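Good morning, and thank you for coming. I would ask you to look at the sequence and the structure now, and to keep both in view while I speak.

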Amino acid sequence: MIRRNRKKRLHGFVVPAPYAGVVVLGMLLALFYVWLGCRCDSLGKDIKTLELEKTELKKQLLNEESRWTKMKSPGNLEMVLAKRKIGMAWPRQDQVIRLHERVEDSNVSVKRPGNSLTYVRRNKMAIHD
Amino acid sequence: MTDQHTKGRFAFSIIVLMAAMTGLGMRLAFLHLGLEDKKREGVENSRRLEKKIHPGRGVICDRKGEGNILAINLFVKDVCADPSIVVKSNMTAKVAALLAGGLDIPVDEVAVRLNQPDKRFVYVKRMVRQEVAAEIEKQKPVGVFFQDTTARQYPHGNFMCHVLGFVNHEGVGGAGVELSLDKYLRGSPGCIETRVDALRQELYAQRSRYIPALEGANVILTLDQNVQYIVEKALDEVMVAHHAKGAWAIVEKVKTGEILAMASRPAYDLNEFSGAGDNAKLNRTMGMVYEPGSTFKPIVTAAALNEGLITPETVFNCENGAWKYCNRLLRDYHPYGNLTVADGIKKSSNILHAKVALLLGEKRFYQYLRAFGMGQRTGLDLPGEEVGILHPLSKWYGISITRIPIGQGISTTAMQMVNMISAIANDGCLMKPYIVRQVVKSDGSILFSNKPEVVSHPIRPETAAIMRKMLLGVTEDGGTGTKARVEGYEVAGKTGTAQKQVDGRYSSTAYTASFLGFLPVENPEIAIIVVVDEPQPVHLGGTVAAPVFGKIANQVARYLDIPSGSNSLTVPGENVAANRGVATAGIAGAKEMDSVGKGGF
């Protein structure tokens, strides 16, 4: 019986290193490609979802704008005031208190947006009638 | 195992692998190259998706911008059904009841639509709001499905209907601003080319072309919705109080020509425009001509003053109310003897104005009429503006020179008239009126912007100042327009009561009552015209239209915070139109002295 030459077998046919390297690299590239494809698909789905969400939000915004516009229309406001029995009329000129730009001796102060506190004065007395 | 065996196995596996790959390759080649063109096209088409992206139509806002939206595009749904499926399921009655309840249409109507087994598609109701469609969708009715679409929505119904106009079902503007600015509002459609999976879901990574839709630009008008509301409410009231056939009014800023309000009655609901008749759709402020009557008199007076032919103190003999010229009688409503020009305009004497026109002469008078914009479009940026009727001199009759000055034998639009009075108020500068302030893209950039434009200078500033003073007399005691007074302001104006032509003759029952004026006299800010068509039974401009003017002017002046221009001019008691109902203010105790020409052609 012929004894096996273990050493020889051990050093039997070996895939050449460069070839194996190319195959492994190819496999890695293929895997990367597949991963990239999946990632693109997933991002695409996300984008689609966000696009749909944006459209939905736009629809909602327009609906809300329409409702808001209706609510604050002069006709509706008048109706609501009447319902609450709040009688309102336009003020006469002498009923309007006008605030003008500041003069030193003024006793009224207002905060204007973006400015420091500015003093103003009123030029007419309020008349309540 | 020997090396030989290993090599053999390796070679075998390589061969098997190669064979498999070759097989796959051949199959692939067969699928891609060997298929018939038709089949390949079919496969391709089933995976391809080409879609047009509809742009959103721009919004229309009042002068305050996007805070006050007047027209907006909403996403809505068309409720559709496949009658064959509904009928097969034997649930026609149930589905019809469900749809009828949700969509507010009669059950019978829905049942008839669904009961068509040979049809595959019917609209149950178009342009249904999302919430309503969602409610129906929840109950999953058999054979019913929904299509996404957009619809033009006018949140305020018939508010500003004649200015805004409407958009037809194809999305094209059909009237008003919607028509005139359609090219800006419409936007530009985009498109998408992509591939879909077996479930018709888009494969985003394979989107080959995407051109986003260009949203329509937004239009900002010069109209103020609060001023418009005041005007529309006043017109609605006068329509009811005087059983009028129609009524219309314009509020214009005299210094710029901006239109703050433009309303016409009858009106119609813009969301139901298809059901409205032509009569309701007519914008009478600029699309209807009428004989202006006495409101036309300021032109001849201004012209003669400008030529230096008369002064406010020049006296004319008013022939005790009846004067023959070219064998045709001209009458005054009340007989007068000698009147100054200032009194003539205050009391609206026909004879005095006819004599002033004779003094001026046909040629000069015609030139002034043209200079004031008569017989020409004002150039307002709305469709359907009428030119009016001003015959050329060659077609004037012998008595035309005595009738045109009193507003007979000439037809104008309310727009032309308010523009004329604005010119007098604006130191003789005739401005081009405009209703569109800006067209703004969705990114905020301005595409188009209107600016005040001077058209002509028909009279000198000094003449205009004299005219303003004389027209103030009309609303003072003894004038024809006392009911147009506004508490705290000096109002100048002119009343008009014109007989309408019926079957070629002047009617004794059908009149057009109008009032034309501006305020405050010292530094005019706004001009207003109010015209009431065939008011009954009272028909005088000073009784019907002047109180409406007063009511509008009173509120608008306070709302716009117009300085009075004089020291607290408060008009006492009875004749002040402020805060009073038109109905009660107009009829009771009318002391109308407006003249009506009885001569006629």
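Let me begin with a definition: helices (H or I, at least four residues) and strands (E, at least two) are DSSP runs, numbered from the N terminus. Two strands are said to pair if DSSP finds at least two bridges between them. What you see is a predicted model, in which local features need pLDDT of at least 70 and side-chain atom pairs count only at pLDDT 80 or more, while totals for chains, interfaces and linings use all residues. Residues are numbered from 1 along each chain as its sequence is written, and chains are lettered from A and ligands numbered from 1 in the order in which they are written.

I turn to a hairpin in chain B. Strand 13 (residues 322–325) and strand 14 (residues 328–331) of chain B pair in the antiparallel sense over four bridges. Which residue of strand 14 is the bridge partner of B:Lys324? The partner is B:Leu329. Two residues lie between the strands of this hairpin, and B:Cys326 takes a positive phi near 50° there.

B:Glu319 is a residue other than glycine with phi near 55°, and its place is in the loop between strand 12 (315–317) and strand 13 of chain B. A residue is buried if 20 or more other C-beta atoms lie within 10 Å of its own, exposed if 12 or fewer, and partly exposed in between, with C-beta atoms placed from the backbone. B:Glu319 counts as partly exposed because it has 19 C-beta neighbours inside 10 Å. B:Lys140, likewise not a glycine, has a positive phi of about 45°. This lysine lies in the loop between helix 6 (130–138) and strand 5 (144–153) of chain B. Is B:Lys140 buried or exposed? B:Lys140 has 8 C-beta neighbours inside 10 Å and therefore counts as exposed.

Next, the cis peptide bonds. One joins B:Arg265 and B:Pro266, with omega about 5°; B:Pro266 lies in the loop between strand 11 (259–265) and helix 11 (278–281) of chain B. The peptide bond from B:Gln536 to B:Pro537 is also cis, with omega near -10°. B:Pro537 is placed in the loop between strand 22 (526–533) and helix 20 (541–559) of chain B.

Now consider helix 16 (residues 362–371) of chain B, where the buried residues include B:Phe365, B:Tyr366 and B:Leu369. The buried residues of this helix pack against helix 13 (297–306), helix 15 (350–360), helix 17 (400–403) and strand 19 (454–456) of chain B. Helix 16 of chain B is followed by B:Gly373, with a positive phi near 90°. B:Gly373 is buried, because 25 other C-beta atoms lie within 10 Å. Two residues are in contact if their C-beta atoms, placed from the backbone, lie within 7 Å. Leaving aside neighbours within four places in sequence, the contacts of B:Gly373 include B:Thr378, B:Asn419 and B:Val455. B:Gly373 and B:Asn419 are 46 residues apart in sequence, and 8.1 Å apart in space from C-alpha to C-alpha.

Finally, the two chains together. 24 residues of chain A are in contact with 28 residues of chain B. Helix 2 (17–71) and helix 3 (74–83) of chain A are the elements that give two or more residues to the side of chain A that touches chain B. Helix 2 of chain A gives the most to that side, with 13 residues.
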